[in-house]
Amino acid sequence: MDKPKVVLGVTGGIAAYKACELLRQLTESGHDVRVVPTESALHFVGAATWSALSGHPVATEVWSDVHEVPHVRIGQTADLVVVAPATADILAKAAHGLADDLLTNTLLTARCPVVFAPAMHTEMWEHPATQENVATLRRRGAVVIEPAVGRLTGVDTGKGRFPDPVEIFELCRRTLARGMHGADLAGRHVVVSAGGTREPLDPVRFLGNRSSGKQGYALARTAAARGARVTLVAANTTGLPDPAGVEVVPVGTAVQLREAVIKAAAHADAVVMAAAVADFRPATYANGKIKKKDGEDPEPIALVRNPDILAEISGERPRPGQVIVGFAAETDDVLANGRTKLQRKGCDLLVVNEVGERKTFGSEENEAVVLSADGGETPVPYGPKEALADTVWDLVAERLD
Ligand code: CTP
């Protein structure tokens, strides 16, 4: 079988060196990658590097190998174009259809999914000109990844950082698999909660649960690959890398998770509550470590109810037309319990898993049935958590339409 053809456009930003890692990920996973840098990109990483890593010649303008008509052929034959890093300049040119070098010509002739991974200083990213260009590109179906927040070139810190190349690769892989018109959540804002809350007893102990956060992260990754702006409220998920293009809000307890979800949900099109939220928390928090006393039985731990976030947002619907999805882990009478829970919580969809040894906690796979408030039932066979995530977004997208 032919290898999928990927064009890696590289523009003039310091993050060009990180695109070498993205290129390696793509080639080593069986993609045929043609690198098309801009003249400015070559100030950061030279043509020899791109050529050696991709196994193809590299040109920046349309006047090399003219007999092969590269200015149209590279774009026409591509299965995916990814521009990483994408400067404010390339976003402006792409939004306005300029074609003054090989990369801009390629962007005009490509009829495949296009991903931009912007990296620039915060001021440039936030400038209304850039924001309008990004909105234009998204409206046309391109996936423009939100830059990460962190250290920028020099001493600055802020939004504009190039996301982890491995995460950009993951997003490209998914975008490629979905093909043209795959960015069906473009222009949408979705909120996903992930992980498990921890309710502290004292400075060293907490009541927690076994949720790894992997299903929530899969939901966030797949939504970003489908073009959505994603806020991921992550409870105790240290160790999981931030997905590319996703705003991660770390939280610890159920009360903190509620605050973050309610804030993010105010303007969101969809909220997916994949987090395992503790139903109860210790009634009191001991400022010092609780010590055992010789010869005495331990004090019982008094608990109080935590707010039910899913029921609260389902009841209030902060935004009209918002789609709300819950998760339920059940051990017995899975579907019957799921139906009752769907009604009790008042959400639109409920993903019901049966919890067991191999399933759900910490594993890469999952199996579930998605119940809908209108009586629908969508079984999702045992498989990667991303497959379940895509089914959830399919059902959400239908309802948003
Ligand atoms: N959830 C929530 N707030 C809580 C508890 C749960 O928002 N305090 C959400 C979870 O994120 C999940 C769904 O509700 O999407 C189902 O959680 P679950 O704990 O199974 O529901 P409960 O109502 O607690 O039912 P059970 O009696 O089975 O514990």
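How many nonpolar, polar and charged residues does the shell around the ligand have? In this predicted model, the shell has 8 nonpolar, 1 polar and 5 charged residues. In total, 14 residues surround the ligand. The closest are Met273, Ala275, Leu310, Phe327 and Lys341.

H13 gives the largest share, with 3 residues.

A polar side-chain atom of Asp279 lies 2.9 Å from an oxygen atom of the ligand. In the side chain of Lys345, an N or O atom is likewise 2.9 Å from a ligand oxygen atom. Ile309 contributes through its backbone: an N or O atom there lies 3.1 Å from a nitrogen atom of the ligand. On its own, the ligand has 580 Å² of accessible area, and the protein covers 79% of this. The space that the ligand takes is the largest pocket.

UniProt, in an unreviewed entry, lists residues 5-171 as "domain: Flavoprotein". Over residues 5-171, the chain is 44% helix and 21% strand. The end C-alpha atoms of this stretch are 16 Å apart.

Definitions and conventions. Residues are numbered from 1 along each chain as its sequence is written. This is a predicted model: local features need pLDDT of at least 70, side-chain atom pairs count only at pLDDT 80 or more; totals for chains, interfaces and linings use all residues. Side-chain values use heavy atoms; hydrogens and water are left out. A residue is near a molecule or strand if one of its heavy atoms lies within 4 Å of it. A polar contact is a pair of N or O atoms within 3.5 Å; within protein, one must be able to donate a hydrogen and the other to accept it, and residues adjacent in sequence count only if both atoms are side-chain atoms. Accessible areas come from the Shrake-Rupley method with a 1.4 Å probe; for residues, only the protein chains shown count as cover. On a 1 Å grid over the protein atoms alone, a cavity is a set of points where a 1.4 Å probe fits but cannot get out, and a pocket is an open set with protein on both sides within 12 Å along at least five of seven lines; lining residues have an atom within 4 Å of a point. A molecule sits in a cavity or pocket if more than half of its atoms lie within 2 Å of its grid points. Helices (H or I, at least four residues) and strands (E, at least two) are DSSP runs, numbered from the N terminus. Ala, Val, Leu, Ile, Met, Phe, Trp, Tyr, Cys and Pro count as nonpolar, Asp, Glu, Lys and Arg as charged, and the others, Gly among them, as polar. UniProt positions are given in the numbering used here, feature names are shortened, and annotations may be inferred rather than shown by experiment.
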